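Reader: I am new to protein models and would like to learn how to read one. Could you walk me through it, feature by feature?

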Amino acid sequence: MEESTDWYDEVTKELDDLVHKGQVYAQNPVNFIHADCWCGSNKKYKDCHYKQIDMAPMTKEDCRLIFKKYRRKSYSCLFNGCSEKSIKSHSIPSSWLSSIIDSDNFVYNFPLNLFNSSPEEPFEVEKLGVFESSTFKGFCLEHDSKLFEKIEKEGGWELTDENCLLLYYRSVCYELFAKCRAMSILEEVRGDISMGKDPVSQVCIFEVLCGRILGMKKAVEDLSVLKDKIEQYIKEKDFSVVSYTYIPIESPINIMASGIHHPEQTFEGRDLQNLAEDNLMNMSCIVGQNGEEEFVLFISIDENDERAARFHKDLLTCDNLGNRIVIYLLETTENLFWRISDWDHLTNTQKDKVYSILGGSVNSDILEYSKEDFITGIESFATKDSKIQQKIV
Ligand SMILES: [Zn+2]
Ligand SMILES: [Zn+2]
């Protein structure tokens, strides 16, 4: 892990230098037209960012086409050693999602708007068909059906260590896939997104995009290590490393989700880790359907990790668990789906509040949010606390 931090720090410093140079250029652009561009492209400023100032900006349609291209791209199976072509797999089974779809089979999702350079509004709501929601080209047909058949059973699945590990594995693979794809898209548009922008904005956009790419690179590296580790457990049929907290909830729920994160606090607000440290503890959170029952499931595989144990334990003692789960999901999970009718009836103030929480895990304080009354009328899970099942290793 030591090595990875070295490259990260080094590249961050290089980026700071480029941005600083860009800011100097932006104050007096004409003075630098014959110099090398500040962005590190090895082109002259006049042939690179300076030239782009008067070009037509990228349109929404341009962005849509780039996304479409990446959606259609083929990928090979993520399972180590397999080189078969991937099929579209679900990170959340469509049979689970079917409990929140509307009559035309649509749900809402809140994808990160990759091209929006303003850090204040990075998310937007998008209507998605159930068969394109949460799918990713992660596994070949054989691995997709062989690995996940036990958790895809129509009548429900059994709460076992093995099934929890598989759910955890799938959330890791989805995250890895989504990050790799987003990184490729950002790298592709990094050059063109400055078109039609003034010199100062060009530097800001460059800084935001490069920062996002760097963060993704780091995450991809960590997730790949984690994926290999889980595959080893799967191959050895060793499922003993799994810790979980299974929380049944009252139907009907309005949200389904699956994601993996590094929680900074427990649900009691106790500090666990800060994102700058190495060797972060990963926690997967899945909201789904098990037969007739809807549930929230927290899974970790960090054996003897005191942080994971603390996280699980605090789930049992915190007040208003259902409310906090919803906040946690909004803060951490992009792979989240919301029933359309339940979103549409929210007031604009409520929607703004949700947007302000989405993806806010870096600076947020779960207790701070929970104190507020905003969530009333938006969404809160009624948890069946007496039926919670927990296993901690
Ligand atoms: Zn340039
Ligand atoms: Zn395969």
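**A buried loop residue**

Author: Let us start with Ser134, which sits in the loop between strand E3 (126-129) and strand E4 (135-139). Helices (H or I, at least four residues) and strands (E, at least two) are DSSP runs, numbered from the N terminus. This is a predicted model, where local features need pLDDT of at least 70, side-chain atom pairs count only at pLDDT 80 or more, and totals for chains, interfaces and linings use all residues. Residues are numbered from 1 along each chain as its sequence is written, while chains are lettered from A and ligands numbered from 1 in the order in which they are written.

Reader: Is Ser134 buried or exposed?

Author: We count neighbours: a residue is buried if 20 or more other C-beta atoms lie within 10 Å of its own, exposed if 12 or fewer, and partly exposed in between, with C-beta atoms placed from the backbone. Ser134 has 25 other C-beta atoms within 10 Å, so it is buried. Ser134 and Ser95 are 39 residues apart in sequence, and 12 Å apart in space from C-alpha to C-alpha.

Reader: How do I check the length of a helix, and which residues of helix H8 are buried?

Author: The expected span of a helix is 1.5 Å times one less than its number of residues. Helix H8 (residues 306-317) has 12 residues and should therefore span 16 Å; its end C-alpha atoms are 17 Å apart, which agrees. In H8, the buried residues are Arg307, Ala308, Phe311, His312 and Leu315. They cover an arc of only 135 degrees around the axis, so they are on the same side of H8; the arc is that of the directions from the helix axis to the C-beta atoms. Glu306 and Thr317, on the other side of H8, are exposed.

Reader: What describes two packed helices?

Author: Two packed helices are described by the angle between their axes and the distance between the axes. Axes are lines fitted to C-alpha atoms, for helices over the stretch in contact, and angles run from 0 to 180 degrees between N-to-C directions. Here the axes of helix H6 (residues 161-189) and helix H7 (residues 199-236) come within 9 Å and cross at roughly 150 degrees. H6 and H7 are therefore roughly antiparallel; angles under 35 degrees count as roughly parallel, over 145 as roughly antiparallel, 65 to 115 as roughly perpendicular and the rest as oblique. The residues of this contact of H6 with H7 divide into 20 nonpolar, 1 polar and 6 charged. Ala, Val, Leu, Ile, Met, Phe, Trp, Tyr, Cys and Pro count as nonpolar, Asp, Glu, Lys and Arg as charged, and the others, Gly among them, as polar.

Reader: At what angle do H3 and H6 cross?

Author: The axes of helix H3 (residues 60-72) and H6 come within 11 Å and cross at roughly 140 degrees, so H3 and H6 are oblique to each other. Of the 13 residues of H3, the number buried is 0, so H3 lies largely in the open.
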